Amino acid sequence: FTDELPLYVDLPRFLVQNSYQNPTDSRNTVHSLTHNTPLDYFEWMKGNPEHYAAFNQWMAAIRMTKPGINAFPFEDKVPSLFETKSPEMPLFVDVGGGRGDMCRAFRAKHPDLPGRVILQDLQLAIADAPSVDGIEAMAHDFFHQQPIQGAKIYFLCHVLHDWPDAQAEAILRPLVEAMDKDSVILIDEKVLPDVGASSEAVGMDLLMMCTFAASERRERAWKDLLGKVGLKVEYSVRYNEEEGDVIMMVLPEK
């Protein structure tokens with residue numbers, strides 16, 4: 001509440017100052033106005049660790065209630081996952097995965113698969129993640145080169161909606177470069193309809209705008225974003241119709 005509610009108080013002032021245009025700069029947002037900072041939200045949180053801890057806990061609560069990873073047909077769509085024999089093969093890399101809830105869910109769903117399950121996030125988040133057998137924690141900035149090459153799955157859950165398109169492209173490019181012929185990227189996000197979105201989805205869209213100069217994207221926006229980095233949606237499963245939650249499996253365009 002201390003992070004979110006003041007933004008809505010300052011939203012009218014921000015809109016007046018910016019001629020009622022949608023923000024596109026992550027360093028010029030309602031959040032930056034409210035907190036009088038030239039930093040984007042994640043830069044600002046590095047100097048405000050109590051806010052970062054609260055953010056991580058909030059994200060963990062959201063991810064723990066999301067059944068999407070259990071709805072995805074891994075056996076059918078990523079068969080090479082089950083052909084792996086080497087314990088050194090990277091199976092599942094949760095990029096920007098916070099406290100590791102999706103890694104734990106993946107391990108619980110596939111406890112006997114040999115191979116590595118890797119949680120990646122900034123050091124502040126990794127330091128707050130519980131240690132779990134079978135899950136490696138790795139400090140990594142997803143704007144930099146991906147250190148885990150050729151993983152079966154690169155997983156992004158509620159990451160790209162925190163960033164405008166330019167930064168979202170910069171997050172995806174290192175993953176595209178790291179992919180092997182059997183690799184896939186799974187993106188767990190909302191895909192909003194053109195009209196008739198739920199109040200929950202609209203509320204989240206507004207929060208993304210105020211905090212990050214980002215948005216909950218519609219299908220066309222996802223297609224455009226992915227196309228800019230040479231990706232396309234190969235398959236998707238919508239596991240929460242009312243709120244628009246979807247897991248998209250994306251692959252390089254042929």
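Trainee: Arg 104, then: buried, exposed or partly exposed?

Mentor: Arg 104 is partly exposed, because its relative accessible area is 25%. Buried means under 20%, exposed over 50%, and partly exposed lies in between, with a 1.4 Å probe and protein chains only. This is a predicted model, where local features need pLDDT of at least 70, side-chain atom pairs count only at pLDDT 80 or more, and totals for chains, interfaces and linings use all residues. Residues are numbered from 1 along each chain as its sequence is written, and side-chain values use heavy atoms, with hydrogens and water left out.

Trainee: What do the side chains of Arg 104 and Asp 101 form?

Mentor: A salt bridge, with N to O at 2.6 Å. The term requires a side-chain nitrogen of Lys or Arg within 4 Å of a carboxyl oxygen of Asp or Glu. Both residues sit in helix 7 (residues 101-109), three residues apart, or about one turn of the helix. Helices here are DSSP runs of H or I with at least four residues, strands are E runs of at least two, and both are numbered from the N terminus.

Trainee: And why is Asp 101 called buried?

Mentor: Because its relative accessible area is 8%.

Trainee: Which residue does Lys 152 form a salt bridge with?

Mentor: Asp 182, with the closest N and O atoms 3.8 Å apart. This pair links distant parts of the chain, 30 residues apart. Lys 152 is in the loop between strand 3 (136-139) and strand 4 (153-157), while Asp 182 is in the loop between helix 9 (165-178) and strand 5 (184-190). Lys 152 counts as buried at 9% relative accessibility, and Asp 182 as partly exposed at 33%.

Trainee: How far apart are the closest N and O atoms of Arg 220 and Asp 224?

Mentor: They are 2.8 Å apart, in a salt bridge. The two residues are four apart in helix 11 (residues 219-228), so about one helical turn separates them. There is also a network in which salt bridges that share partners join Asp 165, Glu 169, Arg 173, Arg 217 and Lys 228.

Trainee: How many salt bridges in the whole structure?

Mentor: The search finds 18.

Trainee: Switching to cysteines. How many disulfides?

Mentor: Zero in the whole structure, a disulfide being a pair of cysteine sulfur atoms within 2.5 Å.
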